Amino acid sequence: MEKSFLIVSGKGGSGKTTVALSLANGFAKLGKKVLLIETSCGLGSLDLILNDNAPVLYNLGDVLDENIKQEEAIIKTKNMEFWYICAPTDYNYVYNKESLIKFINKNKTIFDLLIIDSPAGFTDLHENISTVIDMAIFTVTPQIADVRATGKIAKIFMEHNYKNTKSVINKIPLSLDDDCGVEDLDTVIDVVGVSLLGALPLDNINCLTKPYQYQNKLKIEANALARRLLGEDIDLVLYK
């Protein structure tokens, strides 16, 4: 069974962190010990979204640079029963390939599952850790620019040894109007060219002012993502 999931996208704004949190929460509710790893240097937002009120004193960069032990940087959420580590705060931080691979492999033995929330596009980070990632999950919205970008990026990932891939269509509005630029969700699936794991409706919750929660429909579908990845046969619902 896969143990490490890399959350990726063609461009920013597709909701990678929402999907990463959905999976972490879903796996945790199924009894799995989960570590969510944030990797977007200088752009981290996990502590704000979770609104844990936990002091973030150290981050992934501090651990990789061996300034501290990882136990000092890994935080357990108060409301969702999984662990997370924040990205380096320095936008110009450069990951050391060997240190990052060592960190991932080490935590595969400590946690049941790892979820890595990664930067948009295809970067050096994605290339460097391809050998220790079990599955890449592409997050895409039904906006035509995002669909096209994700389709292009998906091909690049596959050319760089990412053979096991899934996709999640995120932020689906109640109706696909002319502003989206796509006729239906089947068009999104065809253009991206990656098999579909699930579809999540648009979430309008203001995560900065309340603990991270899901509306009923979103919660059901978010939990279904984790259950499908664990092998359960869950009906796939496409919102139109």
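Guide: Arg228 and Glu221 are both buried, a term that stands for under 20% relative accessible area, with over 50% called exposed and the range in between partly exposed (1.4 Å probe, protein chains only). Their side chains meet in a salt bridge, with 3.9 Å from N to O; such a bridge requires a side-chain nitrogen of Lys or Arg within 4 Å of a carboxyl oxygen of Asp or Glu. The model is a predicted one, in which local features need pLDDT of at least 70 and side-chain atom pairs count only at pLDDT 80 or more, while totals for chains, interfaces and linings use all residues. Residues are numbered from 1 along each chain as its sequence is written, and side-chain values use heavy atoms, with hydrogens and water left out.

Four salt bridges are found when the whole structure is searched. Another of the pairs joins the side chains of Lys76 and Glu81, at 3.4 Å from N to O. Lys76 counts as partly exposed because its relative accessible area is 40%, and Glu81 counts as partly exposed because its value is 45%.

A further salt bridge links Lys108 with Asp134, whose closest N and O atoms are 3.7 Å apart. Lys108 belongs to helix α4 (residues 97-110) and Asp134 to the loop between α5 and β6, so this pair ties together parts that are 26 residues apart in sequence. Helices (H or I, at least four residues) and strands (E, at least two) are DSSP runs numbered from the N terminus. Lys108 is buried because its relative accessible area is 17%, whereas Asp134, at 27%, is partly exposed.

Gln70 is located in the loop between α3 (60-64) and β3 (75-76), and it counts as buried because its relative accessibility is 6%. Apart from neighbours within four places in sequence, Gln70 is in contact (heavy atoms within 4.5 Å) with Val63, Phe103, Lys106, Asn107 and Ile110. The loop between α3 and β3 also holds Glu66, which is exposed because its relative accessible area is 66%. The phi of Glu66 is near 60°, a positive value in a residue other than glycine.

Tyr93 is placed in the loop between β4 (83-85) and α4. A relative accessibility of 17% is why Tyr93 counts as buried. Leaving out residues up to four places away in sequence, Tyr93 touches Cys41, Gly61, Leu64, Asp65 and Pro88. Tyr93 and Gly42 lie 51 residues apart in sequence, with 8.1 Å between their C-alpha atoms.

The elements α5 (124-128) and β6 (135-140), between which the loop of Asp134 runs, are among those that cover the buried residues of α6, together with β1 (4-9) and α7 (185-192). Helix α6, residues 144-159, contains 16 residues and extends 23 Å from its first C-alpha to its last, close to the 22 Å expected, where the expectation is 1.5 Å times one less than the number of residues. Its buried residues are Asp146, Val147, Ala149, Thr150, Gly151, Ile153, Ala154 and Phe157.

The axes of α6 and α7 come within 8 Å and cross at roughly 30°. That makes the two helices roughly parallel. Axes here are lines fitted to C-alpha atoms, for helices over the stretch in contact, with angles from 0 to 180 degrees between N-to-C directions; under 35 degrees counts as roughly parallel, over 145 as roughly antiparallel, 65 to 115 as roughly perpendicular, and the rest as oblique. In α6, Val147, Arg148, Thr150, Gly151 and Ala154 meet Val188, Val191 and Val192 of α7. By class, this contact has five nonpolar, two polar and one charged residues; Ala, Val, Leu, Ile, Met, Phe, Trp, Tyr, Cys and Pro are nonpolar, Asp, Glu, Lys and Arg charged, and the others, Gly among them, polar.

Beyond the end of α6, Asn161 sits in the loop between α6 and β7 (165-172).

The chain as a whole has eight helices and eight strands, and 52% of its 240 residues count as buried.
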